[in-house]
Amino acid sequence: MKLRLVIKIGSNVIAPGGTLDPVRVRALVDQLDLAHNEHVIVTSGAIACGTSLLGTGQTPSRVIRMQAAAAVGQSQLMRTYQRLFFGKKLVAQVLVSSDDFSSALRYRNFCGTVEELLRLKVLPVVNENDVVSVRELEGAFGDNDELSALVARAVKADWLILLTDVDGFYLHNGSKRSRRLVRKINKVTAELEAECNGKGHLGRGGMRSKLRAARLATANGAHVVIANGSQPDVIRLALKHRAGTYFPPQRHGGNN
């Protein structure tokens, strides 16, 4: 059965240490079953890539410098995807802002464009339009976590796979030093969100934003997994419930 997957690749996965890692991205691209499934990639990493190319050191804190870094990094990001998919799949850049999901007309246009790309067997690569948008830089999408859930809803995805730099959601075992990886979460609750703290070094999200993305996507019928993007064969294993933390759909919609 053909599946429609949204794969979200976080900043700490695509650019560990602040530098784009094409080898790691290739490892993820090679896992996609392009012959049988449909894919939409939601990618982070433009600001991290641009910061590295500009040689300015740590991730900038001023919005104008972040936008400049995004402008430089976005082109490198897309060149990387085009190179890695060469001979396998055409890819298309889709830059969005929060207005594309709050305006009914723009939302319909977005949905229609992505559907047409998929019909044409083109793989959409979605990212925030950081170059001109201020609200996203201030965290409206939580390092693309919420964006990936909105995209999953828009394209009626069967699966949303959130790739990050941790193995999944960890729950404290009575003390702050002892934690266990939770393999399945039937429903995201306020208590689970309260377990989260901190953000990645490069990302603007964190586990709380991933839980919220999981709640949104499962409410719209998608299966969701939070998993470590550096784990070998992580996408295939996630689809078999053998990697990361799995969230079942809260209503009928996705395929097993």
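## A helix and what follows it

Helices are DSSP runs of H or I with at least four residues, and strands are E runs of at least two, both numbered from the N terminus. Just after helix α8, Lys156 takes a positive phi of about 55°. This is a predicted model, where local features need pLDDT of at least 70, side-chain atom pairs count only at pLDDT 80 or more, and totals for chains, interfaces and linings use all residues. Residues are numbered from 1 along each chain as its sequence is written, and side-chain values use heavy atoms, leaving out hydrogens and water.

Now look at α8 itself, residues 145–154. Eight of its ten residues are buried (under 20% relative accessible area, with a 1.4 Å probe and protein chains only; exposed is over 50% and partly exposed in between), so the helix is largely enclosed by the rest of the structure. Among the buried ones are Leu147, Leu150 and Val151.

## Two nonpolar cores

A nonpolar core is a set of buried Ala, Val, Leu, Ile, Met, Phe, Trp, Tyr and Cys residues joined through side-chain atoms within 4.5 Å. The largest one here has 40 residues, and those with the most contacts inside it include Val151, Phe169 and Phe247. Helix α8 gives the largest share of this core, six residues. Apart from it lies another core of 36 residues, among them Leu3 and Val25.

## A loop residue

Let's finish with Glu195, in the loop between α9 (190–194) and α10 (207–219). Glu195 is partly exposed, with a relative accessible area of 26%. Leaving aside neighbours within four places in sequence, Glu195 is in contact (heavy atoms within 4.5 Å) with Phe169, Leu171 and His172.
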